[in-house]
Amino acid sequence: MTRPVLYTCARSRGLRATWAAEEAGVDIDLKILPFPPRYLAPEYLAINPLGTVPMLADGTSRMTESCAIAHYLASKDGPSPLVIAPGEADYAEYCDFTYHADATITFPQTVYMRFVMFEKDKGLGDAGHAYAKWYWKRLIKVEQRLEGREFLCGDRFTIADICVGYALILSQSVGLDEGVPESLKAYRERLTSRPGYQRALAREEAGRKALEV
Ligand SMILES: N[C@@H](CCC(=O)N[C@@H](CS)C(=O)NCC(=O)O)C(=O)O
């Protein structure tokens, strides 16, 4: 059987998928592309017309949502402690936080990045900064959920933590930490100290460095 192939750019949202694969012990082929692939690897558009990363190719399936890919990798071979199963306590919360991560939290972060970092010359910096504030306000739900909890769901580390945790990791790397509460910084520290995270990051970085030679 062929291995799933993950196309991604180092430290992009695809890190959710690389990290999930490491935590789940799923063997994937990791293909690191230069960012942004639509300009620097235009041949990628033939397999993913959206041009976005990540994309997982598994058999004839093509997936282009980082949180769905993370959940899929952790659950495709059967039940896993990384996933909350239907019927288990916190199943609803698991689904909710796994979707919340990209749709509600990462979304305003990327608008900030676009207007403040990548397309500064368009003069939309004020809108970008407004989205930064919106992002910080939206952290309230995760902040409240983690009061008295180490992880989001089921009293254990799950894919929901990977999906939400990536947004907090992105905050740090793009200068959006100012409005992130201390409790969420401590949560991020718990997540990023995991060996599975460290391995995923090292794997992506090795792929990125290989592009430089
Ligand atoms: N909702 C998708 C969004 C994917 C996405 O927009 N990825 C960004 C990188 S983090 C991207 O590919 N941007 C480059 C582009 O759109 O050209 C996910 O969670 O995977």
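## Close-up views of a predicted model

Figure 1. Along its principal axes the C-alpha trace spans about 50 × 45 × 25 Å, and 39% of the 213 residues count as buried. Among the contacts with a separation of 6 or more, 67% are made by residues 24 or more positions apart.

**Figure 2. Two domains and the side of domain 1 that touches domain 2.** The domain assignment divides the protein chain into domain 1 (5–82 + 196–212) and domain 2 (91–193), and the C-alpha centres of these domains lie 20 Å apart. Where the domains meet, 14 residues of domain 1 are in contact with 14 residues of domain 2. On the side of domain 1 that touches domain 2, α1 and α3 each supply at least two residues, and the largest share, five residues, comes from α3. Sorted by class, this side of domain 1 has nine nonpolar, two polar and three charged residues.

**Figure 3. Helix α3 and what covers it.** Helix α3 (residues 66–75) is mostly covered, since eight of its ten residues are buried. The buried residues are Ser 66, Cys 67, Ile 69, Ala 70, His 71, Tyr 72, Leu 73 and Ala 74. The elements that cover these buried residues include α1 (15–24), β3 (55–58), β4 (61–63), α4 (91–118) and α7 (159–173).

**Figure 4. Helix α1 and the glycine that follows.** In α1, ten of its ten residues are buried, among them Trp 19, Ala 20 and the charged residues Arg 16, Glu 22 and Glu 23. The buried residues of α1 pack against β1 (5–8), β2 (29–32), β3, α3, α7 and α9 (195–212). Gly 25 follows α1 and has a positive phi, near 70°.

**Figure 5. The largest nonpolar core.** In soluble globular proteins, nonpolar side chains tend to be buried together. The largest nonpolar core of this model has 53 residues, of which Ala 20, Ala 70, Leu 73, Ile 159, Cys 163 and Val 164 touch the most other members. Helix α7 gives the most to this core, with nine residues, and the core draws at least three residues from each of domain 1 and domain 2. Which residues does Ile 159 touch, not counting residues up to four places away in sequence? Ile 159 touches Ala 20, Ala 70, His 71, Ala 74, Leu 82, Val 83 and Thr 98.

Figure 6. The residues around the ligand are Ser 12, Arg 13, Pro 36, Arg 38, Gly 51, Thr 52, Val 53, Pro 54, Glu 65, Ser 66, Cys 67 and Asp 102. By class, this shell divides into four nonpolar, four polar and four charged residues. Pro 36, found in the loop between β2 and α2 (37–40), is joined to Phe 35 by a cis peptide bond with omega near -5°. Pro 54, in the loop between α2 and β3, is joined to Val 53 by a cis peptide bond with omega near 5°.

**Figure 7. Two aspartates with positive phi.** Asp 90, in the loop between α3 and α4, has a positive phi of about 75° although it is not a glycine. Asp 155, in the loop between α6 (140–145) and α7, also is not a glycine and has a positive phi of about 55°. Are these residues buried or exposed? Asp 90 is partly exposed, with 18 other C-beta atoms within 10 Å, whereas Asp 155 is exposed, with 11 other C-beta atoms within 10 Å.

**Figure 8. Ile 169 in helix α7.** Ile 169 lies in helix α7 and is partly exposed, because 19 other C-beta atoms lie within 10 Å and a buried residue would need 20 or more. Leaving aside its neighbours within four places in sequence, Ile 169 is in contact with Arg 188 and Thr 192. Ile 169 and Glu 23 are 146 residues apart in sequence and 17 Å apart in space, C-alpha to C-alpha.

Conventions:
Residues numbered from 1 in each chain as written. Predicted model: local features only at pLDDT ≥ 70, side-chain atom pairs only at ≥ 80, totals over all residues. Buried ≥ 20, exposed ≤ 12 C-beta atoms within 10 Å, placed from the backbone. Helix = DSSP H or I, 4+ residues; strand = E, 2+ residues; numbered from the N terminus. Contact = placed C-beta atoms within 7 Å. Domains from an automatic or database assignment. Near = placed C-beta within 6 Å. Core = buried A, V, L, I, M, F, W, Y, C linked by C-beta atoms within 7 Å.
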